[in-house]
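Hi,

Here's the structure I said I'd pass along. Have a look at it first, and then read on for what turned up.

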Amino acid sequence: MTVYAAARERWPRPTLRLRLTLLNGVVVVATGLVLILLAWLLVGDAIHPADQLQPGAFVDLADGRRLDAAAWQAQVVDAASRELLFKGLFALLVTSLVGVAAAYAVAGRALRPLHQVTATARRLGEQTLDQRIRYTGADDEIAELARTFDAMLDRIASAFEAQKRFVANASHELRTPLAVMRTEIDVTLADDEADEAEFRRMATVVRDASERANGLVDALLVLARSEAQRGRRLARKVPTDLADGLRAALSAVGREVDRLGLSVTTDLAPAPVVGDPGLLERLAGNLVENATRYNHLHGRLWARTGTDGEQVFLVVGNTGFEVDQGDVPGLFEPFRRGGRERTGARGSGLGLSIVRAVCDAHGGTVTATPQEGGGLEVRVTLPAASVTPVAAGSAVVGDAKPR
């Protein structure tokens with residue numbers, strides 16, 4: 001564990017509030033000094049009454065003294081200048097103190113939301129992610145910062161909750177086959193009359209459960225790999241064709257298609273892209289596996305690929321049970337199976353999550369459209385090999401209208 005120890009501070013920390021206060025004080029003092037200097041110069045130039053008298057004229061004062069007009073004028077100018085400097089500096093001192101105090105108070109009030117941001121950030125934890133600043137002051141830069149901070153906390157809280165759900169679901173999925181294996185082994189070993197056939201049956205059940213756990217681990221690894229390469233940070237970028245991956249995926253589910261008696265329609269035109277062939281093959285495989293797994297007896301499955309200018313597309317659709325339009329975004333969340341939760345469903349529930357992550361890693365989009373009478377059509381759009389996307393893509397889960 002790394003411990004960050006703060007050094008002992010000998011001088012006040014140069015906080016923003018202190019710097020603003022000092023800056024305001026410097027401005028006030030400098031402005032006051034300029035005004036006093038200007039007033040001193042103006043007084044010195046303006047007080048010249050003796051200039052209007054004859055040379056050698058005298059001035060009779062109220063105290064009975066008689067002075068030369070020029071000497072009297074010098075005394076008047078000197079006295080006025082001294083009084084101006086004394087009163088001006090005194091006024092400047094008072095004004096500066098009041099200005100600095102006011103600036104310190106105003107800066108503190110204006111920076112109060114920043115202290116709220118700091119205090120909120122210090123209080124944040126797993127149990128306090130619901131805390132927000134909720135600034136209600138003037139609509140200025142501070143308010144914008146507070147709103148941005150609250151929005152960031154909303155995103156962090158959503159991501160944290162999604163992560164907790166993901167971990168909980170993954171734990172549940174892994175616990176189920178492990179529990180099955182342990183139960184089968186314990187029951188069989190506890191049976192003193194168990195024969196070779198019983199042990200063979202136990203071995204078959206354990207093998208199936210281990211295959212399920214292994215499939216889930218593989219899917220989690222693919223999902224993690226895809227998420228790590230989101231935003232066009234692909235580890236491999238080689239030319240490949242989505243049509244080839246779709247043909248291989250259809251061939252892999254041939255037996256299941258024959259068992260269900262599905263009618264398969266394909267239109268596989270060239271769809272050249274640049275990306276990770278392994279991830280793109282997994283994308284096509286997941287779509288075809290889902291279209292087969294969630295179909296019904298003697299249903300239909302269709303697939304097509306092609307290019308549309310600077311983009312290529314891959315479409316896989318199937319008949320099956322009805323999917324509500326409102327459930328479409330949830331289909332792309334981990335451990336969601338056709339709008340249903342984990343219980344009683346086949347597969348790991350990561351198929352469309354992996355599709356979304358692979359699309360995002362390749363700068364593409366994916367949309368799902370419920371079909372009339374039941375079923376779903378998924379459309380993947382990726383940048384064509386002829387173009388080089390410079391912006392990071394974002395896989396958008398759209399609510400496309402049925403065709």
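Predicted model: local features only at pLDDT ≥ 70, side-chain atom pairs only at ≥ 80, totals over all residues.

Let's start with α6 and α8. Helix α6 covers residues 242–252 and helix α8 covers residues 277–293; their axes sit 8 Å apart, at an angle of about 45 degrees. That angle makes α6 oblique to α8, and the crossing of the two is right-handed. On the α6 side, the contact is made by L242, G245, L246, A249 and L250, while α8 brings L280, A284, G285 and V288. By residue type, that contact splits into seven nonpolar and two polar residues, with no charged ones.

α8 also packs against helix α10, which is residues 351–361. Here the axes come within 9 Å and cross at roughly 145 degrees, and the crossing is left-handed. From α8, the residues in the contact are L279, L280, R282, L283, N286, L287 and N290. From α10, they are G351, L352, I354, V355, V358 and C359. The tally for this contact is nine nonpolar, three polar and one charged.

Now the cores. The largest nonpolar core has 41 residues, and L287, L314 and V380 are the ones with the most contacts inside it. α8 gives the most to this core, with seven residues. So what does L314 touch, leaving aside residues up to four places away in sequence? The list takes in L242 and L246, then L283, A284 and L287, then R304 and T305, and finally V378, R379 and V380.

Last one: A368, in strand β8 (residues 365–370). Is A368 buried or exposed? Its relative accessibility is 0%, so A368 counts as buried. The C-alpha atom of A368 is separated by 4.4 Å from that of V378, ten residues apart along the chain. V378 is also among the residues that L314 touches.

Cheers

Note on methods:
Residues numbered from 1 in each chain as written. Heavy atoms only, no water. Axes fitted to C-alpha atoms, helices over the stretch in contact; angles between N-to-C directions. Helix = DSSP H or I, 4+ residues; strand = E, 2+ residues; numbered from the N terminus. Parallel < 35°, antiparallel > 145°, perpendicular 65-115°, else oblique. Left-handed = near helix turned anticlockwise from the far one by under 90°. Contact = heavy atoms within 4.5 Å. Nonpolar A, V, L, I, M, F, W, Y, C, P; charged D, E, K, R; others polar. Core = buried A, V, L, I, M, F, W, Y, C linked by side-chain atoms within 4.5 Å. Buried < 20%, exposed > 50% of the residue type's maximum accessible area, 1.4 Å probe, protein only.
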